[in-house]
Amino acid sequence: MDPWFARMVLAPRIGEFLARYTALSLDLTTSNYREEMMSGADVAVRFGPPDESSLIARKLLDVPVLTCAAPSYLDRHGIPATPHDLMLHDCILFRNPQTGRPFTWEFRGESGAIEIKASGRLVMDDPSAAVAAGLAGQGIFQSLAIGLDEWLESGALTTILAEWSDEQFPLYAYHPSRHMPPAKVRAFLDFVQRIAAKR
């Protein structure tokens with residue numbers, strides 16, 4: 001399972017699943033890397049568009065992508081008014097696990113979509129670490145909206161460029177068989193989709 005989803009969405013609610021299905025147990029592994037995710041697994045859950053493979057993909061939901069910073073960073077460096085202003089800021093970059101290079105930042109607004117080659121001195125492959133660095137005022141970062149509510153509501157993080165925040169990133173579940181997945185897999189997928197939709 002995707003580490004961010006496992007930590008921020010699944011782990012706090014997993015007791016509900018175990019209480020309902022008392023005969024089942026879970027062995028959960030987290031990884032950002034697609035190749036590792038299906039190694040001996042009944043099901044995998046990860047963000048990003050599916051690629052060509054023999055796995056069956058089930059789309060669970062689309063998650064908004066937010067651009068955020070701590071108030072302490074914005075007090076020191078100012079608030080970007082446009083995506084192009086990010087070229088003058090320290091950005092915390094997230095490494096694409098498939099390519100090894102940082103993701104390009106995409107923004108969608110009324111005038112269409114633009115890509116920004118954000119730059120910064122921090123490149124990470126752990127979304128939890130990127131959020132922690134952002135909370136500490138180390139720079140501006142992009143994150144999936146899922147799991148950020150606590151910090152946004154408390155004011156520890158501020159969203160910026162809200163009028164450009166129409167980008168969505170999909171969450172998919174995968175299983176290896178083209179036949180109907182076993183009842184235990186269907187039950188887990190239904191549970192994951194239900195809790196994800198509430199975040």
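1. Leaving aside neighbours within four places in sequence, T30 is in contact (heavy atoms within 4.5 Å) with M1, P3 and A6. T30 sits in the loop between helix 1 and helix 2, where helices (H or I, at least four residues) and strands (E, at least two) are DSSP runs numbered from the N terminus. T30 is partly exposed, at a relative accessible area of 42%; on this scale buried means under 20%, exposed over 50% and partly exposed in between, with a 1.4 Å probe and protein chains only. The C-alpha atoms of T30 and W4, which are 26 residues apart along the chain, are separated by 8.7 Å.

2. On the basis of the model: it is predicted, so that local features need pLDDT of at least 70 and side-chain atom pairs count only at pLDDT 80 or more, while totals for chains, interfaces and linings use all residues. Residues are numbered from 1 along each chain as its sequence is written, and side-chain values use heavy atoms, with hydrogens and water left out.

3. N32 also belongs to the loop between helix 1 and helix 2 (34-37), and N32 is buried, with a relative accessible area of 15%. Apart from neighbours within four places in sequence, the contacts of N32 are D2, P3, R46, P97, Q98, D125 and P127. The C-alpha atoms of N32 and M1 lie 8.0 Å from each other, although 31 residues apart along the chain.

4. For the chain as a whole, the secondary structure comprises six helices and nine strands. The radius of gyration of the protein chain is 18 Å, close to the 16 Å that the globule rule gives for 199 residues, so the chain is as compact as a globular protein of that length; the radius is taken over C-alpha atoms, and the rule is 2.2 Å times the number of residues to the power 0.38. Along the principal axes, the C-alpha atoms fill a box of roughly 55 × 35 × 30 Å. Of the contacts with a separation of 6 or more, 78% are between residues 24 or more positions apart.

5. As to burial, 44% of the 199 residues count as buried.

6. L161 is buried, with a relative accessible area of 5%, and its phi is near 55 degrees, a positive value in a residue other than glycine.

7. L135 is found in helix 4 and is partly exposed, with a relative accessible area of 27%. Leaving aside neighbours within four places in sequence, L135 is in contact with A70, W151, A156 and L157. One of these, W151, is 16 residues from L135 in sequence and 8.5 Å from L135 in space, C-alpha to C-alpha.
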